[in-house]
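Work through these exercises with the model in view. Each task is followed by a stepwise solution.

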Amino acid sequence: MSEVERQPEFQVWYRHSGQDEIPEIPSRNTILETGYNMKTVKDYRSILRNIRSNYITHMYVNVTNVVPPLEVIAPRLTHLRVYWLQVAERKLDCLEHCKDLYKLEIYNAKFRMNGFPEVIPKLTSLREIILRSCRVPQLPESWSSLKNLKVLYIGGDELTVGYPEVVSSLTTLTDLHLSMFNITELPWSFSSLKNLQVLDISWNKFANHQLPVVVCELTELVDLDLMKCDLVDLPQSFD
């Protein structure tokens, strides 16, 4: 049986260089409700035939077991959204060859508690990482290599185990979202995030129902989400 015959079907939408430029991948609802040229693909070579001499920049993929060979069909990819990736640790390795990747979105994926994809710290071109409705383990120290990262959005759940220390090393961040992370304290190293303008730490239960004082050190902050944090007071230094 050939490699193509073994490959399960996947659903994909993409934008290539021969089409009008777009800033972002359309929303999931827009793609699902309008059709938006969503294709069911088994032989990835059909994508290469379709784009001809152009190259893919934006891609949305619905997949469960196999990520298509992005290093072949989309090596110049800048925006990628992946849905429904099961046991996802090794299945994103093909991204290592996508040197221009700017924004990575992963939805409804399951990661083992000690098995975050090793490829992510290698994607040093990344400016945005969005992880929604994912079972997220503790972030590894290797993420400190993401020196260009501006936006980090991770939605936690009841199994997420507190503030990921490596975040303090991501000093280029301007937007940080760590909702429902079971955070009770923020270390003083958090103050190194001097460029933060947007901070979402909603649905966390801080010790003594008090906002950690270190948040007051973020002088560029313009948007702070504390919804469902059950705070009784704010620090006196909080202006």
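A nonpolar core is a set of buried Ala, Val, Leu, Ile, Met, Phe, Trp, Tyr and Cys residues joined through side-chain atoms within 4.5 Å. The model used here is predicted.

**Exercise 1.** Find which residues of the largest nonpolar core touch the most other members.

Solution.
- Start with the core itself: it holds 65 residues.
- Pick out the members that touch the most others: Met59, Leu70, Leu80, Leu95, Leu152, Leu176 and Phe190.
- Now look at the elements. Those giving two or more residues to this core include strand S1 (10–16), helix H3 (45–51) and strand S7 (151–154).
- Look for a second, separate core. It has eight residues, among them Ile31, Tyr83, Tyr107 and Ile130.

**Exercise 2.** List the contacts of Leu176, leaving aside neighbours within four places in sequence.

Solution.
- Leu176 is in contact with Leu152, Val167 and Phe190, among others.
- The list also includes Leu193, Leu196, Val198, Leu199 and Asp200.

**Exercise 3.** Trace the pairing from S6 to S7, then from S7 to S8.

Solution.
- S6 and S7 pair in the parallel sense, over four bridges.
- Across this pair, Ile130 stands opposite Tyr153 in S7.
- S7 also pairs with strand S8 (residues 175–177), in the parallel sense, over three bridges.
- The bridge partner of Tyr153 in S8 is His177.

**Exercise 4.** Decide whether Asp93 counts as buried, partly exposed or exposed.

Solution.
- Locate Asp93 in the loop between S4 and S5.
- Recall the cut-offs: buried is under 20% relative accessible area, exposed over 50%.
- Asp93 has 25% relative accessibility, so Asp93 counts as partly exposed.
- Finally, check Pro117: Asp93 and Pro117 are 24 residues apart in sequence and 7.6 Å apart in space, C-alpha to C-alpha.

Key. Residues are numbered from 1 along each chain as its sequence is written. This is a predicted model: local features need pLDDT of at least 70, side-chain atom pairs count only at pLDDT 80 or more; totals for chains, interfaces and linings use all residues. Side-chain values use heavy atoms; hydrogens and water are left out. Buried means under 20% relative accessible area, exposed over 50%, partly exposed in between (1.4 Å probe, protein chains only). Contact means heavy atoms within 4.5 Å. Two strands pair if DSSP finds at least two bridges between them.
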